[in-house]
Amino acid sequence: MEGPRRRTVVRDSLGVAIATGTYGLGFGAVGVASGLDVAQTCVLSLLMFTGASQFALAGVLGSGGTPVAGALAALLLGTRNTLYGLRLAPLLGYRGWRRALAAHVLIDESTAMAVTRPDRDLARTGFLVTGGTIFVLWNLTTLVGAVAGEQLGDPRDLGLDAAVGAAFLALLWPRLTTPLTRTAALVAALVAAGAVTTTPAGVPVLVAAGVAVLVGALTARSSTRPDEEVPA
Amino acid sequence: MIWWAVLGAGVGCYLLKLAGLSVPARVLAHPVVARIADLIPVALLAGLVTVQVFAAPHGRALALDARAAALALAVLLLLARAPFLVVVFGSAACAALLRLL
């Protein structure tokens, strides 16, 4: 009974994982273009292993920000994985060392391929196949991208500085699904632009994160009023 | 210093994941906290796009150059549902080409 459903989960997970794992190529090239060396770029993929945070650290450093500002931006983006964990914990039901290992591959895609499954076995299958496959591919392609990026000369001549902005936009794009997220993104972008002219490099990104706090606090208050509740 | 950021933020990001699998879910049950947590990636990524594309390479100023044209192409590619790598390297090629002219 479980066989065919399990095979479907494995197949879907592999599809997502193979498509996503190759993004590492982009991160490797962008990492060295931002001033990281090949080893630092690869250690980020091994140890941090959450794409948006890795791009954030590289991006802040590449635009002249301090390592502390880069690390803060990476950590702030990493908080969404905490939310995924809260959602998945009862479904996956891992304890002890299994939980410690599973945590490392807790990312956007492994969550997406696990969260909709009807039972624990299928959820674990989706989670582990997706997370594990992406981990292997992401690290291999990071190395390839970083080595190639270093051989190719001045990153600006290759347009790799522009590639970082495109990568962030591509990561942002699927999240712009509601008027609230679109408004928050627009306000954050404008606030960051203003901060660019008034604060040291690296700070504008953190100021933009403040917009999330502000918009979240203001809109959550208004939407908890029952007369304004809109059915989703 | 860069190594410290790489290692510190790397370990920190892992601990954030582990915390999610370990702490009781009611910590984030508060609607304001949940909504802010949802919006943080959106606001941060929007801020990162802005800084990466419109901040002048040197000094505290905004600039409109090949990177902005590359971002416009990225929007078109995303609207056409192009895959991630096509968006990233397509924009790079666009900027590189414009600088060559």
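**Reading the two chains**

Analyst: Buried residues make up 45% of the 101 residues in chain B. A residue is buried if 20 or more other C-beta atoms, placed from the backbone, lie within 10 Å of its own, exposed if 12 or fewer, and partly exposed in between. This is a predicted model, in which local features need pLDDT of at least 70 and side-chain atom pairs count only at pLDDT 80 or more, while totals for chains, interfaces and linings use all residues. Residues are numbered from 1 along each chain as its sequence is written, and chains are lettered from A and ligands numbered from 1 in the order in which they are written.

User: How many helices and strands does chain B have?

Analyst: Helices (H or I, at least four residues) and strands (E, at least two) are DSSP runs, numbered from the N terminus. Chain B has four helices and zero strands.

User: What radius of gyration does chain B have, and what would a compact globule of 101 residues have?

Analyst: The radius of gyration is taken over C-alpha atoms, and the globule rule is 2.2 Å times the number of residues to the power 0.38. Chain B has 19 Å, whereas a compact globule of 101 residues would have a value near 13 Å. Along the principal axes, the C-alpha atoms of chain B fill a box of roughly 55 × 40 × 25 Å.

User: Which share of the contacts in chain B joins residues at least 24 apart?

Analyst: Two residues are in contact if their C-beta atoms, placed from the backbone, lie within 7 Å. Among contacts in chain B between residues at least 6 apart in sequence, the share that joins residues at least 24 apart is 27%. For chain A, the corresponding share is 70%.

User: How many helices and strands does chain A have, and how compact is the chain?

Analyst: Chain A has 11 helices and zero strands. Its radius of gyration is 19 Å, close to the 17 Å that the globule rule gives for 232 residues, so chain A is as compact as a globular protein of that length. The box filled by its C-alpha atoms is roughly 60 × 55 × 30 Å, taken along the principal axes. Of the 232 residues of chain A, 53% count as buried.

User: Which domains does the domain assignment of chain A give?

Analyst: Domain bounds come from an automatic or database domain assignment. For chain A, the assignment gives domain 1 (2–158) and domain 2 (176–232). The C-alpha centres of these two domains lie 25 Å apart. Their contact takes 10 residues from domain 1 of chain A and six residues from domain 2 of chain A. On the domain 1 side, the largest share, five residues, comes from α5(A).

User: How many residues of chain A are in contact with chain B?

Analyst: In chain A, 86 residues are in contact with 66 residues of chain B. The largest share of the chain A side, 19 residues, comes from α5(A). To sort residues by class, Ala, Val, Leu, Ile, Met, Phe, Trp, Tyr, Cys and Pro count as nonpolar, Asp, Glu, Lys and Arg as charged, and the others, Gly among them, as polar. The side of chain A that touches chain B divides into 59 nonpolar, 22 polar and five charged residues.

User: At what angle do α5 of chain A and α2 of chain B pack?

Analyst: Two packed helices are described by the angle between their axes and the distance between the axes. Axes are lines fitted to C-alpha atoms, for helices over the stretch in contact, and angles run from 0 to 180 degrees between N-to-C directions. Helix α5 (residues 67–92) of chain A and helix α2 (residues 31–54) of chain B pack at about 145°, with their axes 9 Å apart. The residues that meet there include A:Leu76 and A:Leu83 in α5(A), and B:Ile40 and B:Leu44 in α2(B). By class, this contact has eight nonpolar, one polar and one charged residues.

User: Which residues have a positive phi although they are not a glycine?

Analyst: One of them is A:Phe49, with a positive phi of about 40°. A:Phe49 is found in the loop between α3 and α4 of chain A and is buried, with 24 other C-beta atoms within 10 Å. Another is B:Arg81, with a positive phi of about 60°. B:Arg81 is in the loop between α3 (66–79) and α4 (84–100) of chain B and is exposed, with 9 other C-beta atoms within 10 Å.
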